[in-house]
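Open the model in your viewer and keep the selection panel handy. We will take it one stop at a time.

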Amino acid sequence: MGYFRENIERMAGYTPGFQPKAADVVKLNTNENPYPPSPKVMEVIGRLHPERLRRYPEPLGDTFRAAAAKILGVRPENLICANGGDDLLAMCVRAFCDRQRPLAYAQPTYSLYPVLARIQDCQVIEISRATDWPAELAKVNAPLTIVCNPNAPTADFTPIEQLQKLAEALDGVLLIDEAYADFASDNAMRLVSQYDNVIVLRSLSKGYSLAGLRFGFGAADPALIEGLVKVKDSYNVDAAAIAAATAAILDQSYFYANVERIKTERQRLTESLRLLGLEVGDSQANFVLARYSKGSARPLFESLVSRNIFVRYFDLPSLEDKLRITVGTAEQNKILVAALRDILSEKGNKP
Ligand SMILES: Cc1ncc(COP(=O)(O)O)c(C=O)c1O
């Protein structure tokens, strides 16, 4: 007899992307922003008064909510702060799912969703993204439906009108995971004031270069926010994170400049990979998904690792012939493309 609940005993945990210790590697495996956070963030952290750490933080991160609401064109009551987007995902699965209340989403997508469902011991309904999945998810009509947009790891974008239709069709909650929306041509924030069953997730890990800080938030109707507040940890965002995240979101010009640089590099990287013969779809995120037509992409992944270049390989159905590559700096992308050119030109590897 184990100590854990049966479902915990049985399940495998989430596998985070590898974090190499050495600094002299090209790390394009966890979709971090290659540029540093805003200097204003570093200033705020440097100036943090000890009193801010001695005391408990604002339970709802009101300073951040006030600043973000103005920038996003919503009200502070529409926002809930989270210890990274992952914290918001966990809150939602906890709040809306149980054995009688399944979670639905289209596969392939962010691999944390099924892990959270297993922890909660709720049923999962997976629809293939090769189908008309928005219509299929509407038919399933689950208490919680998650749509990742732009989707990870495929990097493609679903028009907001389709998500709007899905929100209208569902009796349950539609959680739109917009962790990568900063790099997309549109986003679903406007749906928050139109639908009482839509939650939009945002992360400061990608567009704002703050993956190590752990800060994300949800936007939704105030009634949904009030319900989520009941299930969150009492002080789920710390005082330093609230101060730093507020400084980050207020520095919109720095944010836009970096996002534009990444979008430019994304285009260049996509074209370079296509020239090597890899199949790469148009990405609306800060990563691309490249398909190797000769079969498993694992040998390419391993050859890159041996050269200290880290990308992400998923040994999963529909992904085993692909590499997910984070858009790095121009220099990092050049090193990656040159290494791939080398590996692919070796006998027998040409796509
Ligand atoms: C699709 C998706 N959603 C949410 C997150 C959560 O990001 P974070 O917890 O760093 O805010 C990630 C992180 O990689 C992601 O890829």
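Here is a tour of the domains, the sheets and the ligand shell.

**Before you start.** This is a predicted model, in which local features need pLDDT of at least 70 and side-chain atom pairs count only at pLDDT 80 or more, while totals for chains, interfaces and linings use all residues. Residues are numbered from 1 along each chain as its sequence is written.

**Stop 1: the two domains.** Colour 6-35 + 253-345 as domain 1 and 39-251 as domain 2; these bounds come from an automatic or database domain assignment. Their C-alpha centres lie 24 Å apart. The contact between them takes 29 residues from domain 1 and 25 residues from domain 2, where contact puts the C-beta atoms, placed from the backbone, within 7 Å. On the domain 1 side, select helix 1 (6-10), helix 11 (252-275) and strand 10 (287-291), the elements that give two or more residues. Helix 11 gives the most, with seven residues. (Helices are DSSP runs of H or I with at least four residues, strands are runs of E with at least two, and both are numbered from the N terminus.)

Stop 2: Now look for an open, mixed sheet in the order 2-8-7-6-5-3-4; two strands pair if DSSP finds at least two bridges between them. Strand 2 (79-82) and strand 4 (124-128) are its edges, each pairing on one side only. Select 173-177 and 198-203 to see strand 6 and strand 7 pair in the parallel sense over four bridges. Asp-177 has Leu-201 of strand 7 as its bridge partner.

Next, show helix 9 (222-231), which packs on the sheet and touches strand 2, strand 7 and strand 8 (216-220). Its direction makes about 30 degrees with that of strand 2; axes are lines fitted to C-alpha atoms, for helices over the stretch in contact, and angles run from 0 to 180 degrees between N-to-C directions. Helix 6 (112-120) lies across strand 3 (103-107), strand 4 and strand 5 (144-148), at about 155 degrees to strand 3.

**Stop 3: the ligand.** Which residues are closest to the ligand? Select Gly-84, Gly-85, Ala-179, Ser-203 and Ser-205, the closest of the 13 residues that surround the ligand; a residue counts as near if its C-beta atom, placed from the backbone, lies within 6 Å.

Stop 4: Finally, find the open antiparallel sheet in the order 9-10-12. Its edges are strand 9 (279-280) and strand 12 (322-326). Five bridges join strand 10 to strand 12, and Leu-289 stands opposite Arg-324 in strand 12.

Methods. Two residues are in contact if their C-beta atoms, placed from the backbone, lie within 7 Å.
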